[in-house]
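Subject: The model, and what turned up in it

Hi,

Here is the structure I promised to pass on. Have a look first, then read my notes below.

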Amino acid sequence: MIVKSAAFVRGAVKSSQYPSSSMPEIAFAGRSNVGKSSLINVLLGRKNLVRTSSTPGRTQTINFFLINNRFHFVDLPGYGYAKVPIEVRKRWGPMVESYLSSREGLCAVVVILDLRRQPNEADHDLLAWLARYSIPEIVVLTKADKLKKNKQNYQSRLIGEDLSKDPSSLILFSAATGMGKQVLWKAIEALF
Ligand code: GTP
Ligand code: MG
């Protein structure tokens, strides 16, 4: 994919605020601080289009980006971080579930997991929602640069077992090195 243009459209907390659109859309979801915003920046080849932070829970709205005037990328707020204020955490479930269940153009959700960690209950809940709404998923294991090659393979096997998925269907990624960028674009393009 050649990214000719990429621009922030708006942040939303409810459906009336979503951009009205019949364009295809790809959403990105995962635990707080897992690296969603960094991954989107790498895919788009833009350093700081999406705000990243070492403070978990930075992204608290559903953020829409318009790419090549042809499709949307959607950065969903992260889940599962205890220090995020209680009001924000309570809002997360209904906010994200109503997005997932109602968005017409949604082609797929890229589910981002940390390669170093076993998926937790919230990760499983997200995958269960996607299955319930028949939304295709692409599972990405990020921060691969933090592990040596043999540990990367070991962890992706463990995570594959945990999710009952073939490890070869899981995309190893690193926002630090760009590893996995082309493979992920191919998977996204196949779902448009
Ligand atoms: P929230 O919006 O708070 O849910 O976080 P997020 O999932 O968008 O994470 P973000 O992209 O802001 O990254 C969180 C931290 O992880 C930042 O300090 C990033 O620099 C770092 N990070 C993200 N991806 C990678 C990666 O692939 N490798 C390494 N080494 N660090 C990464
Ligand atoms: Mg973020």
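In which strand does His72 lie? His72 sits in β4, which covers residues 71-75. (Helices and strands here are DSSP runs, H or I of at least four residues for helices and E of at least two for strands, numbered from the N terminus.) Before going further, a word on provenance: this is a predicted model, where local features need pLDDT of at least 70, side-chain atom pairs count only at pLDDT 80 or more, and totals for chains, interfaces and linings use all residues. Residues are numbered from 1 along each chain as its sequence is written, chains are lettered from A and ligands numbered from 1 in the order in which they are written, and side-chain values use heavy atoms, with hydrogens and water left out.

**Back to His72**

His72 is buried, at a relative accessible area of 3%. Buried means under 20% relative accessible area, exposed means over 50%, and partly exposed is in between (1.4 Å probe, protein chains only). Leaving aside neighbours within four places in sequence, His72 is in contact (heavy atoms within 4.5 Å) with Val9, Pro19, Ser21, Met23, Pro24, Glu25, Ile26, Phe65, Leu66 and Arg103.

**Salt bridges**

Two of those contacts, Glu25 and Arg103, also pair with each other: they form a salt bridge with the closest N and O atoms 2.8 Å apart. The cut-off for a salt bridge is a side-chain nitrogen of Lys or Arg within 4 Å of a carboxyl oxygen of Asp or Glu. Glu25 is in strand β2 and Arg103 in the loop between α2 and β5, so this pair ties together parts 78 residues apart in sequence. Both Glu25 and Arg103 are buried.

The whole structure has six salt bridges. Another one joins the side chains of Arg31 and Asp123, at 3.0 Å from N to O. Because Arg31 is in the loop between β2 and α1 and Asp123 is in helix α3, the pair ties together parts that are 92 residues apart in sequence. Asp123 is buried, with a relative accessible area of 1%.

Then there is Asp114, which forms a salt bridge with Arg116, the closest N and O atoms being 2.8 Å apart. Asp114 is buried at 6% relative accessible area, whereas Arg116 is partly exposed at 33%. Salt bridges with shared partners join Asp114, Arg116 and Arg117 into one network.

**The cores**

A nonpolar core here is a set of buried Ala, Val, Leu, Ile, Met, Phe, Trp, Tyr and Cys residues joined through side-chain atoms within 4.5 Å. The largest has 32 residues, and Tyr99, Leu100 and Val109 touch the most other members. At least two residues each come from β2 (25-30), β3 (62-67), α2 (86-102), β5 (106-114), α3 (121-132), β6 (137-142) and α4 (149-163). Helix α2 gives the most, with five residues. Apart from this core lies another of 26 residues, including Leu44, Phe71, Cys107 and Phe173.

**Helix α1**

Is helix α1 enclosed or open? Eight of its nine residues (36-44) are buried, so α1 is largely enclosed by the rest of the structure. Lys36 and Ser37 are among the buried ones. Just after α1, Gly45 takes a positive phi of about 65°.

The axes of α1 and helix α5 (residues 181-191) come within 10 Å and cross at roughly 85°. (Axes are lines fitted to C-alpha atoms, for helices over the stretch in contact, with angles from 0 to 180 degrees between N-to-C directions.) The two helices are therefore roughly perpendicular to each other; that label covers 65 to 115 degrees, with under 35 roughly parallel, over 145 roughly antiparallel and the rest oblique. Leu39, Val42, Leu43 and Leu44 of α1 make the contact with Lys181, Leu184, Trp185 and Ile188 of α5.

**Aromatic pairs**

There are nine aromatic pairs. Rings of Phe, Tyr and Trp (its six-membered ring) pair if their centres lie within 6.5 Å; planes under 30 degrees apart are stacked, over 60 edge-to-face and the rest tilted. Tyr18 and Phe64 have ring centres 5.5 Å apart and planes at 50°, so the pair is tilted. Both Tyr18 and Phe64 are buried. Ring pairs also link Phe28, Phe71, Phe73, Trp185 and Phe192 into a cluster.

Cheers
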